[in-house]
Amino acid sequence: MIEKCSYHNSHLKGKVVYGHQILVTLLACDGLVLPYSMDLYDKNSMSKIELSSLLIKSLPKPYSQGYILCDSWYSCKAVFDAAITAGFGYIGALKTNRVVFPEHNTNLGIKLSKLGASLSIEDFDLVTVKDQEYYIYSYQGKLKDIKSVSIVLSYPKDAFQHEGALKTFISLDLELTPFEILMQYTDRWAIEPFFRDCKTYLGLDGYQIRSERSILRYLLIMTITYTYCKLSSRNGQHFNTGCYYRFSLSKINRYLLSTDYRNCCRLRAFVVLSRHSFFLHPRYWCCKFYENSHSRTSFTAWSSMIRF
């Protein structure tokens with residue numbers, strides 16, 4: 001018997017699977033992505049939303065405006081409130097069956113899917129995001145569980161109003177433009193290379209241990225190994241190049257001391273935090289926050305729920 005395993009619905013495989021669930025948080029600074037925390041999820045102790053809210057509240061405070069980036073699973077009032085309490089804005093995907101209340105339908109409201117279908121192409125703006133073109137429509141107003149939000153309805157250029165093509169995104173920051181909301185949300189992609197590298201190089205999808213204690217030890221070793229390989233890569237961004245270079249704690253210290261004091265403290269914290277972290281499988285929610293310094297350093301936190 002494998003401890004802490006249970007049945008979970010896999011959106012990747014489209015069926016119920018038996019395995020573990022974990023909540024993973026990554027921190028990124030100018031393209032360098034490192035683990036922040038990995039928490040084994042136990043549905044008998046708390047819900048995913050409760051665990052996510054606790055994690056958001058534990059994140060470092062942003063020096064300037066910060067954003068929690070989540071997929072549609074986490075776009076709910078509890079996570080909104082946690083983000084606001086922690087000093088962050090919120091940007092996330094939104095399910096198309098959510099109800100909004102535009103001016104022509106303030107009493108009963110209308111589902112986002114029906115709102116998108118009722119609009120003409122002239123109501124949309126054509127924008128380019130990461131070399132892809134989209135028709136986007138911006139709505140500002142009431143959502144069922146919050147009074148004032150900004151929502152972006154998006155269709156790929158070649159699939160306007162096609163069935164299943166509508167994607168919707170929400171922001172609690174009303175000052176952001178629709179284009180800025182989409183650009184911020186695309187930063188969530190950094191979680192994908194992390195899991196790809198862990199599965200390809202560190203055996204994440206093939207470990208053969210059964211006890212909870214052994215699994216946590218394995219995940220801890222994997223987290224530290226990932227951190228060392230990232231820091232030892234030549235440009236600090238490509239994990240696999242770091243696999244081919246020897247790396248020691250003394251080299252980490254020399255690297256840290258070569259940076260300015262603020263970044264040195266942060267990177268030391270990354271390594272320490274990774275030593276107390278645990279992990280496992282797909283459902284994505286991410287956090288992003290920026291600081292304005294002389295070097296315009298960006299400071300980003302990511303998180304993802306994954307299941308196999």
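Just after H2, Gly 87 adopts a positive phi of about 90°; helices here are DSSP runs of H or I with at least four residues, strands are runs of E with at least two, and both are numbered from the N terminus. The model is a predicted one, in which local features need pLDDT of at least 70, side-chain atom pairs count only at pLDDT 80 or more, and totals for chains, interfaces and linings use all residues. Residues are numbered from 1 along each chain as its sequence is written, and side-chain values use heavy atoms, with hydrogens and water left out.

As for the overall picture, the protein has nine helices and 14 strands. Of its 308 residues, 49% are buried, where buried means under 20% relative accessible area, exposed over 50%, and partly exposed in between (1.4 Å probe, protein chains only). The accessible surface comes to about 15600 Å², and carbon and sulfur atoms hold 52% of that area (Shrake-Rupley method, 1.4 Å probe; for residues, only the protein chains shown count as cover).

Helix H2 spans residues 77-85, and its residues Val 79, Phe 80, Ala 82 and Ala 83 are buried. They lie on the same side of H2, because they cover an arc of only 165° around the axis, the arc being that of the directions from the helix axis to the C-beta atoms. The buried residues of H2 pack against helix H1 (48-58) and strands S5 (66-70), S6 (89-94), S10 (132-143), S11 (146-156) and S12 (167-171), with contact meaning heavy atoms within 4.5 Å.

In helix H4, Ile 181, Leu 182, Gln 184 and Tyr 185 are the buried residues. Their arc of only 160° around the axis puts them on the same side of H4.

The largest pocket holds about 770 Å³ of space. It is lined by 28 residues, and Ala 93, Lys 167, Phe 169, Tyr 185 and Arg 188 are the closest to its centre. Two or more lining residues come from each of S6, S10, S11, S12, helix H4 (178-186) and helix H5 (191-201). A pocket is an open set of points on a 1 Å grid over the protein atoms alone, where a 1.4 Å probe fits, with protein on both sides within 12 Å along at least five of seven lines; lining residues have an atom within 4 Å of a point. Grid points are joined across faces, edges and corners, and the volume is the space filled by probe spheres set on them.

Strand S10 also contains Tyr 137, which is partly exposed at a relative accessible area of 21%. Beyond its neighbours within four places in sequence, Tyr 137 is in contact with Leu 119, Asp 123, Phe 124, Ile 151, Val 152 and Leu 153.
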